[in-house]
Amino acid sequence: MKSTLKKYFIPHQGNNYHPHILHTKRTIFYSALAVASKAIVMAFVLAVPSTVFVLPDVIAPQEAKVFALVNELRMKEGKEPLTKNVKLNGSASLKATEMADTQTFSHTGPTGHSLVYFLKQTGYAYSVAGENLAMGFSDAEELFDAWVKSPKHYDNIVDADYLETGLGISAGLFNDIPTVYVAEHFGMPKKVATVPVVAEVVSPPPPPISQVKIATIPKEQILSEKSQAKPVVVAMSTPIPTNTVKENVAKEIVPEAVVYDPTKSQLIWEEVDGQLKLTATAYVAGEVKTVSAEVKDYKIELLPSGDNNIYVGSIMTKESADEFFKVVFPADVFITPKDGEAFVGSMAWQSVKIVSPSVLEKYTLAKKTLGPITGIFALSRNIYLGLLIFFTFALFLNIVVAIRRQHHHVIAQTLGLIGLLVLFYVV
């Protein structure tokens, strides 16, 4: 046994100072074994149906990650971190579930339900509130990066007026393709102010201060300076929230001279020479100064088409469809009447592209989400770690035992094997 170990691991005259464990053929075999084991893992990942990646147990950890990333950015910007609120979690979950159930993606869904509706469903009393939506993401960091790059979503995330948040993630289909819908709701809870009541007392003498009654006045009866300066404006009789801009629904204003019809409005995309072209069509009746559509950080100016109050505009983006729809955002229409304040409405996509992840993206996603469930990634990492330690020790013995009798090709090929194992261990 001792002689066998010496022959395989210790360089000496009997093995020509070339440990058998590091022979070229064996090194090639070990490398092929490492590649084969990684190929098995990759085959497992490719064989996993896309529906697995949107299962509740798989997407649930993403919620905590998004919440952590939001607060990390807020603290970096000098803002107070948000606290989780059960009612906001509920309203966001209701919104995400409705989008998944109806296969629609808009701040105002086919039922006409907007942010205000979902907040009322869970009984969340607020002074200001806002909403961020997304669809089709495959990773929490990917979603968060997309929100940060979108000015209005970013504004919601770092708005100092928001104190609480809730996140809802729901798996579903869009055009019969598995995807994920996300809604994050932000809010400042409504406060109750206390005002002393002064009563006229003739006799007996005034009681001690401790006996004077205190009356409470509900917040909705007290309009703050901010709510008076920044009313939420809605179009027609159906409230259309300001989406990624915070809103105070206690001050809804309906512009009588302008009508926006979201059912006759839409955003269309097409690829032209590898780049994405966006065309927006909006139905706006009445006298207006400007009409524009916005999605992500793109703004489309709309002009009258001369056809029954239809406004049309288009732009060429610098992205391909796959890049643009990595994470899908809803679109908004901004309308400024000739007399009155600007208001915001929802604009639906005619269609969107659900981008399937590449092989590498699917592998990375599976490693993050399925790894804790299947254990296959941990097993392969342990195998690579064990081989890495084994061959590092063998190379160490080969070098230090007979330092003047080296076979340089043995050192080189073993270092190559170790490098391969390190790569597979990391990825």
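In β10, the bridge partner of A293 is I300, and in that strand L302 is likewise the bridge partner of V291. These positions belong to a predicted model, in which local features need pLDDT of at least 70, side-chain atom pairs count only at pLDDT 80 or more, and totals for chains, interfaces and linings use all residues. Residues are numbered from 1 along each chain as its sequence is written, and side-chain values use heavy atoms, with hydrogens and water left out.

Strands themselves are DSSP runs of E with at least two residues, helices are runs of H or I with at least four residues, and both are numbered from the N terminus. The hairpin of β9 and β10 has two residues between the strands, and K296 takes a positive phi near 55 degrees there.

β9 also pairs with strand β12 (residues 331–337), again in the antiparallel sense, over six bridges, and E294 stands opposite D332 in β12. Six of the eight residues of β9 are buried, so this strand is largely enclosed by the rest of the structure; buried means under 20% relative accessible area, exposed means over 50%, and partly exposed lies in between, with a 1.4 Å probe and protein chains only. In a regular strand the side chains alternate between the two faces of the sheet.

The sheet that holds these strands is open, has seven strands in the order β7-β8-β11-β10-β9-β12-β13, and shows antiparallel pairing. Its edge strands are β7 (259–272) and β13 (343–347), each of which pairs on one side only. From one strand to the next, the twist averages 25 degrees.

## E319 in its loop

E319 lies in the loop between β11 (310–316) and α9 (321–324), and at 17% relative accessibility E319 counts as buried. When its neighbours within four places in sequence are left aside, E319 is in contact with G274, Q275, L276, K296, Y298 and F324, contact meaning heavy atoms within 4.5 Å. Between E319 and L276 there are 43 residues of separation in sequence and 5.9 Å in space, C-alpha to C-alpha.

A second open sheet has four strands in the order β1-β3-β4-β2, with mixed pairing. The edge strands here are β1 (83–84) and β2 (126–135), each pairing on one side only. β1 and strand β3 (residues 164–174) run parallel and are joined by two bridges, and the bridge partner of K84 in β3 is T165. Helix α6 (residues 140–149) packs on this sheet, touching β2, β3 and β4 (177–189), and its direction makes about 120 degrees with that of β2. Helix α7 (residues 151–158) lies across β2 and β4, running at about 135 degrees to β2.

## Helix packing

Two helix pairs are set out below. Axes are lines fitted to C-alpha atoms, for helices over the stretch in contact, and angles run from 0 to 180 degrees between N-to-C directions.

| Helix pair | Axis distance | Angle |
|---|---|---|
| α2 (residues 24–47) and α13 (residues 408–426) | within 10 Å | roughly 10 degrees |
| α6 and α7 | 5 Å | about 105 degrees |

α2 and α13 are therefore roughly parallel to each other, whereas α6 and α7 are therefore roughly perpendicular to each other; angles under 35 degrees count as roughly parallel, over 145 as roughly antiparallel, 65 to 115 as roughly perpendicular and the rest as oblique.

In the α6 and α7 pair, F144, W147, V148 and K149 of α6 meet P151, H153, Y154 and I157 of α7. By class, that contact of α6 with α7 has six nonpolar, one polar and one charged residues, with Ala, Val, Leu, Ile, Met, Phe, Trp, Tyr, Cys and Pro counted as nonpolar, Asp, Glu, Lys and Arg as charged, and the others, Gly among them, as polar. In the other pair, T24, T27, Y30, S31, A34, V35 and K38 of α2 meet H409, Q413, L417, L420, L421 and F424 of α13. The contact of α2 with α13 has seven nonpolar, five polar and one charged residues.

## The chain as a whole

The protein chain has 13 helices and 13 strands, and buried residues make up 44% of its 427 residues.

Technical notes:
Pairing = 2+ DSSP bridges.
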